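Biologist: I'm new to this one. Could you walk me through how to read its aromatic rings?

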Amino acid sequence: MSSINAAAQKYRSLRLSVIAENLKALVTQAESNASSYLSFAEALVDCEQLERNSKRIEQNKRRAGFPLHKSLDEFDYQFQTTISQREVNGLLDFNFIDNRENVVFIGPPGVGKTYLSIGLGLKAIDAGYKVSFNTALSLMEALELAALKGDLKKKISQIAKFDVLIIDELGYLPMNKQGMHNLFQLINTLYEYRTIILTTNQEFTNWGEFFFDDNVAVPIVDRLFHHSHIFMLGGESYRLKSKLNN
Ligand code: ADP
Ligand code: MG
C-alpha cells in the first residue's frame with residue numbers, strides 16, 4: 001500500500017497543496033467517521049476549495065488598497081441617522097454590482113461617507129467581488145501619469161478588471177481640462193459595465209463649478225448618477241462626536 005507521503009506528493013504535483021498538507025488528517029477523520037467514499041471524495045475537494053477561496057479573498061482585500069479596514073457591522077446608526085441600517089443592508093445582496101449600478105454617498109465632512117464606502121467594499125470582497133479603492137486625487141494622478149505615457153487606455157482597462165471602483169472624495173479639489181477628459185474616458189468605459197461607489201461633498205447643482213465646464217460635467221454626472229443608489233447624508237461630523245460629548 002502506498003504511504004500517505006507518497007500520495008500527498010501526487011496531490012502536490014497537481015498543485016492541490018491544501019489536500020496534500022491535510023491528507024493525513026482527512027484520511028484519519030474519514031476512517032473515524034466511517035465516511036462513505038463519496039463524502040470522502042467531496043471532503044478532499046472542499047478542503048482545497050475553501051482554503052483557495054479564503055486566500056483569494058485575503059488577496060483581494062490587499063489589492064483593494066483600502067486606507068484602513070472599517071467593518072459595516074460597527075457603523076453607529078444611532079449617531080448617523082440620515083441613513084438606516086435597513087438601507088445599507090439592502091445593498092448587501094449585491095444586486096447593485098450584478099446590475100452594474102452605482103452607489104453615491106453625498107454629504108459634508110465627517111458623516112461617514114468614506115467609512116460606508118470601505119465597509120461596503122469589504123463586504124463585497126467577502127462575497128467574491130473585486131474592489132479597488134481610490135481617492136479621487138490618487139485616481140486622477142494615476143490617470144494623468146498614464147496619459148502622459150500614452151497608456152491611458154491600458155490603465156483604464158486595468159481599472160475595469162475590478163467589479164467595483166470606489167472613488168472617494170470627488171469634488172474636493174477642482175480639476176483641469178485634461179483631468180476632466182481622463183475622468184470622462186474612465187467613467188464612460190465603466191458605464192453600465194462596472195459599479196462605481198462614489199463619495200462626494202458636492203450637491204448636484206455644484207458639479208458644473210467643480211468641473212469648470214458644464215459641457216463635461218453633464219455627461220460625467222449623467223453617467224455617474226444614472227442607475228445609481230443615492231444617499232444624502234447629513235448630521236454632525238463624527239470627528240466632533242467626542243468633543244461634543246465632553
Ligand atoms: P467622511 O468621509 O464623510 O468625511 P468618514 O467616513 O471619514 O467621514 O468618518 C470620519 C471618522 O468618523 C472616521 O474615523 C470614521 O470611522 C468615523 N465615523 C463616521 N461615522 C461613523 C459612524 N456612524 N459610526 C462609527 N464611526 C463613524
Ligand atoms: Mg471621506
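**Rings and their neighbours**

Modeller: Let's start with one residue: Phe94 has 6% relative accessibility, so Phe94 counts as buried (buried is under 20% relative accessible area, exposed over 50%, partly exposed in between, with a 1.4 Å probe and protein chains only). Keep in mind that this is a predicted model, where local features need pLDDT of at least 70, side-chain atom pairs count only at pLDDT 80 or more, and totals for chains, interfaces and linings use all residues. Residues are numbered from 1 along each chain as its sequence is written, chains are lettered from A and ligands numbered from 1 in the order in which they are written, and side-chain values use heavy atoms, leaving out hydrogens and water.

Biologist: How many aromatic pairs does the structure hold?

Modeller: Rings of Phe, Tyr and Trp (its six-membered ring) pair if their centres lie within 6.5 Å; planes under 30 degrees apart are stacked, over 60 edge-to-face, the rest tilted. Here there are seven such pairs. Take Phe94 and Phe96: the ring centres are 6.2 Å apart and the planes at 40°, so this pair is tilted. Phe94 also forms a tilted pair with Tyr129, at 5.7 Å centre to centre and 55° between the planes.

Biologist: Is Tyr129 buried or exposed?

Modeller: Buried, because its relative accessibility is 14%. Elsewhere, ring pairs join Phe75, Tyr77 and Tyr115 into a cluster.

Biologist: Which ring does the charged end of Arg194 sit over?

Modeller: A charge sits over a ring if NZ of Lys or CZ of Arg is within 6 Å of the ring centre and within 35 degrees of the ring normal. For Arg194 that ring belongs to Tyr193, with its centre 4.3 Å away.
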